Amino acid sequence: MKAIVFADVTDAWSYVGAVRFERAAALFSILTGELVEIAYRAATFDDSPASRDVIAAARIGGIELNVDDVVPADSTDAWRLLTWAEAVGPEVQRDLLHQLWRAHLLEGADVADGFVLASRAALVGLELETAEALLASDEYLAEVQQQRETAAAIGASDAPFVVVDAQHTLAGVHSQDDYLRALQQIATQH
């Protein structure tokens with residue numbers, strides 16, 4: 001089973017929903033023995049300020065947020081790095097995405113800053129010099145734009161937007177149990 005999660009680095013709801021989906025996918029794999037491969041793609045969602053609701057939803061899942069220190073940022077360069085990271089390996093992309101979410105939503109770091117991005121890439125095992133060179137170029141820019149256009153074309157308006165096996169969609173944040181039930185239902189249809 002393959003899932004694509006359309007999300008944004010600067011969106012708290014994307015973070016909360018993606019973590020819940022990842023946990024549900026891991027539980028699904030434990031219960032069924034079937035691996036759920038997860039990839040992440042850039043999407044642009046309407047600006048929804050991080051509210052008490054997202055803080056409460058995050059706490060339920062053990063996710064800490066510090067929305068008071070969030071620095072508004074364009075996530076395009078972050079997604080360029082994330083697209084490169086996926087080429088290295090899906091687990092590297094996931095680790096980098098989580099590093100960037102923590103940087104933005106907990107530590108108050110500017111995820112549009114090249115130093116922040118390159119250092120986070122190095123933390124997950126990517127080459128620092130390669131990350132810096134990528135950020136100094138326009139490499140992967142067209143791919144990120146295509147990801148965002150695809151998200152808009154398929155109606156990805158609620159964060160996160162999950163597409164399973166290129167035909168089933170789960171829009172917005174759901175509980176971990178709801179995600180698990182959805183994966184189980186999709187599996188029985190195959």
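This is a predicted model: local features need pLDDT of at least 70, side-chain atom pairs count only at pLDDT 80 or more; totals for chains, interfaces and linings use all residues.

Reader: Is D165 buried, partly exposed or exposed?
Author: D165 sits in the loop between β3 and β4. Helices (H or I, at least four residues) and strands (E, at least two) are DSSP runs, numbered from the N terminus. D165 has a positive phi of about 50 degrees, although it is not a glycine. Its relative accessible area is 22%, so D165 is partly exposed.

Reader: What is the relative accessibility of A166?
Author: A166 is also found in the loop between β3 and β4. Its phi is positive, about 60 degrees, and A166 is not a glycine. A166 counts as exposed, with a relative accessibility of 76%.

Reader: Which residue in β4 is the bridge partner of V164?
Author: β3 covers residues 161–164 and pairs with β4 in the antiparallel sense, over four bridges. Two strands pair if DSSP finds at least two bridges between them. V163 stands opposite T169 in β4. For V164, the bridge partner is H168.

Reader: Which residues make up the covered face of β4?
Author: In a regular strand the side chains alternate between the two faces of the sheet. β4 spans residues 168–171, and its uncovered face holds T169 and A171. The covered face holds H168 and L170.

Reader: Which strands are the edge strands of the open sheet?
Author: Four strands form the open sheet, in the order β2-β1-β3-β4, with mixed pairing. Each edge strand pairs on one side only; the two are β2 and β4.

Reader: At about how many degrees to β4 does helix α8 run?
Author: Axes are lines fitted to C-alpha atoms, for helices over the stretch in contact, and angles run from 0 to 180 degrees between N-to-C directions. Contact means heavy atoms within 4.5 Å. α7 lies across β1 and β2, at about 100 degrees to β2. α8 (residues 176–189) lies across β3 and β4, and its angle to β4 is about 170 degrees.

Reader: Which residue does a cis peptide bond join to A159?
Author: The place to look is the loop between α7 (141–153) and β3. Omega is about -15 degrees at this bond, and the partner of A159 is P160.

Reader: Which element supplies the largest share of the lining of the second largest pocket?
Author: On a 1 Å grid over the protein atoms alone, a pocket is an open set of points where a 1.4 Å probe fits, with protein on both sides within 12 Å along at least five of seven lines; lining residues have an atom within 4 Å of a point. The lining includes K2, E37, Y40 and R94. β1 (2–7), β2 (37–42) and α4 (90–105) each supply at least two residues. The largest share, four residues, comes from β2.

Note on methods:
Residues are numbered from 1 along each chain as its sequence is written. Side-chain values use heavy atoms; hydrogens and water are left out. Buried means under 20% relative accessible area, exposed over 50%, partly exposed in between (1.4 Å probe, protein chains only).
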